[in-house]
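This note sets out numbered points for review alongside the sequence and the model. Each point takes up one region, beginning with a ligand site.

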Amino acid sequence: MAEKREKLVLVGNGMAGIGTIEQILKLGGAYDITVFGSEPHPNYNRIMLSYVLEGSKTLNDIILNDWNWYEDNNITLHTGTTVTRIDEGSKQVVTDNGMIAPYDKVIIATGSNSFILPVPGSDKEGVVGFRDIADCDAMLAAAKQYNKAAVIGGGLLGLEAAKGLVNLGMDVTVVHLMEDLMERQLDRNASSMLQAELERQGVKFAMGKQTVELTGEQRVSGLRFSDDSTLEADFVVMAVGIKPNVTLAKESGITVNRGIVVDDYLQTSMQNIYSIGECAEHRGVCYGLVAPLFEQGMVLAKHLCGSETKPYEGSIVSTKLKISGVDVFSAGEFLDSPEHTVISSKDEWKRTYKKILLKNNVVVGAVLFGDVTESANLQKLVKQGSVMTDEIYTEVMGTGCCGSGAKKGTSVEAMADEEIVCGCNGVTKKAIVDAVTENGFTTVDEIKACTGATRSCGGCKPVVEQILQFVLGDSFQQAAKQGICGCTTLSRDEIVAEITAKGLKTTKEVMNVLEWKQEEGCSKCRPAINYYLGMMNPDTHQDEKESRFVNERMGANIQKDGTYTVIPRMYGGVTTPEDLKKIADVSLKYDVKVVKVTGGQRLDLIGVKKEDLPKVWEELDMPSGYGYAKSLRTVKTCVGSQFCRFGTQDSLGMGALIERKYERLDFPAKFKIAVNGCPRNCAESCTKDIGIVGNDGGWEVFIGGNGGIKPRIADSFCKIKTDEELIEVCSAVMQYYRETGNYLERTSEWVERMGLEQIQMVILNNEDNRKELAARIDFALTQVTDPWKKMLNDSSTRTALFEETRV
Ligand SMILES: Cc1cc2nc3c(=O)[nH]c(=O)nc-3n(C[C@H](O)[C@H](O)[C@H](O)COP(=O)(O)OP(=O)(O)OC[C@H]3O[C@@H](n4cnc5c(N)ncnc54)[C@H](O)[C@@H]3O)c2cc1C
Ligand SMILES: NC(=O)c1ccc[n+]([C@@H]2O[C@H](COP(=O)([O-])OP(=O)(O)OC[C@H]3O[C@@H](n4cnc5c(N)ncnc54)[C@H](O)[C@@H]3O)[C@@H](O)[C@H]2O)c1
Ligand code: SF4
Ligand code: FES
């Protein structure tokens, strides 16, 4: 006879509850499992709601266990159903829609609710918490209709919400009770650096303000503070903390304090009823982060499956703010007192800060701002209560400023098998090692798909990579390498090295000699090799038109009706009445459908017939604006010191100079620059490949910004005093990108891949390197010519491209 399986009921379909069920399934626990969840969704990654709001993830992306997962694992799921009572006597749970389910064991994982300030007006329309998909939807909808948002609470949640709403185009003010942001995780130094950085990114702050009323009629229209000052707002997000959801436990007679009181095996005051996650209170602590919840889940799963387990003794928490371009980390203790020994370094220029706290020479806490490369390492040291040694000091503090040049990474070899590497998903070192050895995995993505490690906040990725490297040993480099396309297994770097070593001159030669699988290559590798050859041999390489994308071959962008666009150069976005007249005359003569002002401050003649292109170019008699090319597109400028009251630098002059200097050169991908006369940044440097801002009597340079599909705020690269130095640094950055960038890789990805510090080290710390890079780009620039002029002077190309194929 089959063994009778016990009935396990999980109340709460969130990360803690389902995380525990996943562990139970892994351990082969013999339970009939029923899950009740109030929300109408399968289990999703609540952490990622910040990314959904910010726009980098969709709701679909954040589902952790889809409907099929429940079915595949024989789990009965009731969504949109709230359990209202657990009857210990009859061993049944009762729901709000009249269902009754028998149990042998129950896990209560009901999480938390947003804490809504009990002030008059907090129930008005337009006031939300930020906790679930429904809240997120409300915020996305509000951003389309309303403009002025107030986020009450300057903790992790409030700041992530505020940045999300700024990204959605709202005017956002964070209203914070205290004088320091994230005062539960950061000291004053880190808080003020954080505030300055977020202000730079467009968030406004009202600090030290206690909200006493939300004003308005039916809908909120503003906030009134205890000092009687007010703030206008037509949308309010409450992010002032969370309240453990203990209603069910209370109704069922289970002992409740702030949370549901549990022992070291997560058992409540009632037999066979357990509680984990944010709703549980263990040794007086209710946690609000996922890592502790997974630690609890591991202990409970083992306990319920009869496996040997240590008791749960509490967790040391660490946090990381999930806002792109704002790196903040905090673990353990963070405020120094006389009993601490403090190790710290602050670099106001690089905007980095690092503080490590020791008690009796044991690492008890750390705060990082700006550079969080050591976060995984410090988290481990704090968690293990490591004793500070010379070796650890060098490792975490490094020889250079804020750790640059330090020996990076944790010693993964020394980690215990059971140590959790991915706190968000409760994945141990052993699970990762097993995944690699048993399945032959070679990439972090494969490990992520199998174990879940790195799938949430991503903070554990460096350690996962180190484990991968440790397990694969010498074969790591080999495994990590991927061919640039299906035609070859060679990476970009190997191809470039072979071109140099073997003196290869043409794409055909590269493909033949390097034994391409397809003789003719493909649309991915042909343009890439043509670019690499041109970049390496600017004076001798014969550009291969047939290897270029169609728009580059035509010198114009094809539109959906088969006509083309023509964008002439306007250096620094400045034009003249004469040029405007030419543009108007040509547009009228050639029946141009629309003349559009582009985002890059120039004029786009849209709807030119293919056969008219050469005549339009000829009659405009202006240089090509390269609107179709992997090349310098525009240099956007603000008015600057020539005219603007605030301007401290001549952005118009500098923008035009830069555009004239670097136009026509091939880059791995399109390249955009902005120059601003002062930090007000009217030309929006933060989304450009290079952003230049007049600052402190000199210039500040930003790199790696992108406003496209995957937006990225540029990183501050350096501050410079003179125009000459600025040109030298820009030259070096551009040439280093040209020489090391993968074809089609934007600088936003390049900076992430190379690491900002590495680029700074090559360009800023080594004057010889910088000058050599600048000399190489100058040489390449001597070889460029205007493509429109070239085509006009080449009658055979002109005939072949624009006349023979006339339709
Ligand atoms: C926007 C946001 C960003 C975050 N970012 C991070 C981060 O970066 N790092 C981090 O560590 N943590 C982060 N957190 C916190 C983290 O998401 C939570 O700690 C975690 O999700 C809590 O899991 P839980 O299962 O205990 O509770 P919950 O996720 O709240 O799940 C509980 C579920 O139970 C349901 N429920 C409640 N009562 C009942 C009932 N009676 N019957 C049936 N169902 C019920 C609820 O509807 C809910 O779906 C973030 C939270 C938010 C909101
Ligand atoms: N990146 C992350 O790890 C992350 C991100 C989002 C949320 N979370 C978690 O979600 C939960 C909720 O986050 P949270 O930021 O709301 O909680 P929190 O308790 O960490 O922060 C709330 C903040 O609101 C402030 N505050 C309190 N009353 C206020 C008032 N009347 N006016 C203005 N400010 C007031 C507090 O000073 C505090 O800084 C936490 O457990 C947090 O850890 C974590
Ligand atoms: S960035 Fe500064 S100098 Fe340029 S227009 Fe704006 S305010 Fe004026
Ligand atoms: S620690 Fe957050 S995804 Fe691994």
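1. An oxygen atom of ligand 2 is placed 2.6 Å from an N or O atom in the side chain of Glu183, a polar contact in the sense of a pair of N or O atoms within 3.5 Å. The model is predicted, so that local features require pLDDT of at least 70 and side-chain atom pairs pLDDT 80 or more, whereas totals for chains, interfaces and linings use all residues. Residues are numbered from 1 along each chain as its sequence is written, chains are lettered from A and ligands numbered from 1 in the order in which they are written, and side-chain values use heavy atoms, with hydrogens and water left out.

2. The backbone also takes part at ligand 2. A polar backbone atom of Lys320 is 2.8 Å from a nitrogen atom of the ligand, and a backbone N or O atom of Leu177 lies 3.2 Å from a nitrogen atom of ligand 2. On its own, ligand 2 has 830 Å² of accessible area, of which the protein covers 87%; such areas come from the Shrake-Rupley method with a 1.4 Å probe, and for residues only the protein chains shown count as cover.

3. What makes up the shell around ligand 2? It holds 21 residues, the closest being Glu160, Glu183, Arg184, Gly288 and Lys320; a residue is included if one of its heavy atoms lies within 4 Å. By class, the shell divides into 11 nonpolar, five polar and five charged residues. In this scheme Ala, Val, Leu, Ile, Met, Phe, Trp, Tyr, Cys and Pro are nonpolar, Asp, Glu, Lys and Arg are charged, and the others, Gly among them, are polar. Helix H5 gives the most to this shell, with three residues.

4. Helix H5 (residues 156–167) also belongs to a right-handed β-α-β unit with strands S10 and S11. Helices (H or I, at least four residues) and strands (E, at least two) are DSSP runs, numbered from the N terminus. Right-handed means that, with the strands pointing away from the viewer, the path from the first strand over the helix to the second runs clockwise. S10 (residues 148–152) and S11 are parallel and share five bridges, where pairing requires at least two DSSP bridges. Ile152 has Val175 of S11 as its bridge partner.

5. Strand S11 has a further parallel neighbour, strand S12 (residues 204–206), to which three bridges join it. Thr173 stands opposite Lys204 in S12. Four of the five residues of S11 (residues 171–175) are buried, so the strand is largely enclosed by the rest of the structure; buried means under 20% relative accessible area, exposed over 50%, and partly exposed in between (1.4 Å probe, protein chains only).

6. Ligand 1 has 32 residues around it, and Glu39, Arg46, Arg131, Glu278 and Lys322 come nearest. A polar side-chain atom of Glu39 lies 2.6 Å from an oxygen atom of ligand 1, and a backbone N or O atom of Ala16 is 2.9 Å from an oxygen atom of the ligand. A nitrogen atom of ligand 1 is 2.9 Å from a polar backbone atom of Val83. The protein buries 91% of the 990 Å² that ligand 1 exposes when taken alone. Helices H1 (15–26), H2 (49–54) and H8 (290–305) are the elements that give two or more residues to this shell, which divides into 13 nonpolar, 14 polar and five charged residues.

7. Which residues surround ligand 3? They are Cys638, Val639, Gly640, Cys644, Phe646, Gly647, Gly677, Cys678, Arg680, Asn681 and Cys682, and they divide into six nonpolar, four polar and one charged. Val639 lies in the loop between strand S32 (632–637) and helix H21 (651–662) and is partly exposed at 44% relative accessibility. Val639 and Gly677 are 38 residues apart along the chain, with their C-alpha atoms separated by 7.1 Å.

8. Leu266, although not a glycine, has a positive phi near 65°; it is found in the loop between strands S18 (260–262) and S19 (273–275) and is buried at 0% relative accessibility. Asn361, also not a glycine, has a positive phi of about 70°. The loop that holds Asn361 runs between strands S24 (352–359) and S25 (362–369), and Asn361 is partly exposed, with a relative accessible area of 35%.

Terms used:
A polar contact is a pair of N or O atoms within 3.5 Å; within protein, one must be able to donate a hydrogen and the other to accept it, and residues adjacent in sequence count only if both atoms are side-chain atoms.
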